[in-house]
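Here's a quick briefing on one protein structure, to read with the model open beside you. Take a look at the fold before moving on to the notes.

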Amino acid sequence: MKENHHHNCRILVNIEIEFAEVKERDAILNTLLPDNINFPKELSMDMSINNKSLMINTSSTKIDTMINTINEILYHISLAKQVIKYD
């Protein structure tokens, strides 16, 4: 009987983005939360806050999925920073 050896790997990416203001961090977090649902089974993401930082921890078994996810997260953060204005 022949054994199948699958070399599964998991890619872990931890992003920490420090903001000048807590209210900016919270606004960015709130823009990302609605997208934080219905992930493919090979992908997981967790977001948390630490002082003025937004912590985003992702993992995936597929490199393409991870790259696309990181690109999308950074794009949404960039877009939100352009739209959100503070007095």
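This is a predicted model: local features need pLDDT of at least 70, side-chain atom pairs count only at pLDDT 80 or more; totals for chains, interfaces and linings use all residues.

- E1 and E3 run antiparallel and are joined by eight bridges.
- Zooming out, the sheet is open and has three strands, ordered E1-E3-E2 with antiparallel pairing.
- Strands E1 (11–18) and E2 (43–50) are the edge strands, each pairing on one side only.
- On average, neighbouring strands here are turned by 15° against each other, if you ignore direction.
- As background, strands in a sheet pair through backbone hydrogen bonds, in either a parallel or an antiparallel way.

**The helices**
- Helix H1 (residues 22–32) packs on the sheet and touches E2 and E3, with its direction at about 30° to that of E3.
- Helix H2 (residues 63–83) also packs on the sheet, touching E1, E2 and E3, and its direction makes about 160° with that of E3.

**Zooming in on Ser60**
- Ser60 belongs to strand E3, which covers residues 53–60.
- Is Ser60 buried or exposed? Its relative accessibility is 0%, so Ser60 counts as buried, the cut-off being under 20%.
- The Ser60 side chain reaches the backbone oxygen of Glu42 at 3.2 Å.
- Setting aside neighbours within four places in sequence, Ser60 is in contact with Cys9, Arg10, Ile11, Glu42, Leu43, Thr65 and Met66.

How values were computed: Residues are numbered from 1 along each chain as its sequence is written. Side-chain values use heavy atoms; hydrogens and water are left out. Helices (H or I, at least four residues) and strands (E, at least two) are DSSP runs, numbered from the N terminus. Buried means under 20% relative accessible area, exposed over 50%, partly exposed in between (1.4 Å probe, protein chains only). A polar contact is a pair of N or O atoms within 3.5 Å; within protein, one must be able to donate a hydrogen and the other to accept it, and residues adjacent in sequence count only if both atoms are side-chain atoms. Contact means heavy atoms within 4.5 Å. Two strands pair if DSSP finds at least two bridges between them. Axes are lines fitted to C-alpha atoms, for helices over the stretch in contact, and angles run from 0 to 180 degrees between N-to-C directions.
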